Amino acid sequence: MKRVSVLAAVVASGLALSAAAQTPAAGAPAGAPKVAVIAFQAAVTATNEFQRDFGDLQKKFEPQRNQLKSLSDEVDSLTKQLQAQAATLSDADRAAKAKAIDEKKKQAQRIAEDAQNDYQTAMQETFGKVAQKVDDVLNTFAKDQGFTVVIDATENQQQAPLVLYAAPSSDITKAVVDAYNAKSGVPAPPVEAPAPAGLRPAPKAPSK
């Protein structure tokens, strides 16, 4: 099932009916709106510009991922050593090694939380910057094509009703992406970066 914003649908429908009454499409009943659907979030993440910026974002956070991987490996190694030597260690030595492992885990947790927060913020900024420009292209494209209503069919939107049916021919997602890529002039990345379904989480700290 597809979802669409209630307010957007109501407002858009009202505007559409008004516009259609003034300039009805050829061969269509007077007042009939010309409707299109777009998976807006998918359109944004499919653009060459977003793919390029998303790849740059992954590289930016590579040091944090490497640091967390190193800490995780170190925790695993120390834990195995403690388990192997447990029978021969004194209580004080066991306690000291266990404390060292716990401190490493806490350090990794702090790094993971900071990296996650920074990543989420950077990801929102990256998406928002491109989304604003895609919206501008969408508006121009819709006017040029004579659409009176464009519905955002992005799935899993909050507070959204169901779009029970949309003909495939009404989906302008790819057409808008192509129009945006042509306008932006950004070439497709040489190696395609994975487009996130949502916000891609930073690596987790080693489990306690």
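Leaving aside its neighbours within four places in sequence, which residues is Asn181 in contact with? Select Asn181 and look around. Asn181 touches Thr47, Asn48 and Val186; contact means heavy atoms within 4.5 Å.

**Before moving on.** This is a predicted model, where local features need pLDDT of at least 70, side-chain atom pairs count only at pLDDT 80 or more, and totals for chains, interfaces and linings use all residues. Residues are numbered from 1 along each chain as its sequence is written, and side-chain values use heavy atoms, with hydrogens and water left out.

**Stop one: helix H6.** Select residues 173-184. This is helix H6, and Asn181 sits in it. Helices (H or I, at least four residues) and strands (E, at least two) are DSSP runs, numbered from the N terminus. Asn181 counts as buried because its relative accessibility is 15%. Buried means under 20% relative accessible area, with a 1.4 Å probe and protein chains only.

**Stop two: H3 and H4.** Select residues 48-60 for helix H3 and residues 62-85 for helix H4. Their axes come within 4 Å and cross at roughly 40°, so H3 is oblique to H4. Axes are lines fitted to C-alpha atoms, for helices over the stretch in contact, and angles run from 0 to 180 degrees between N-to-C directions. Oblique is what remains besides under 35 degrees (roughly parallel), over 145 (roughly antiparallel) and 65 to 115 (roughly perpendicular).

Now show the side chains. Gln58, Lys59 and Lys60 in H3 meet Glu62, Pro63, Gln64 and Arg65 in H4.

**Last stop: the whole chain.** Zoom out. The chain has six helices and four strands. From the N terminus, their order is β-α-β-α-α-α-α-β-β-α. Of its 208 residues, 31% count as buried.

Conventions. Buried means under 20% relative accessible area, exposed over 50%, partly exposed in between (1.4 Å probe, protein chains only).
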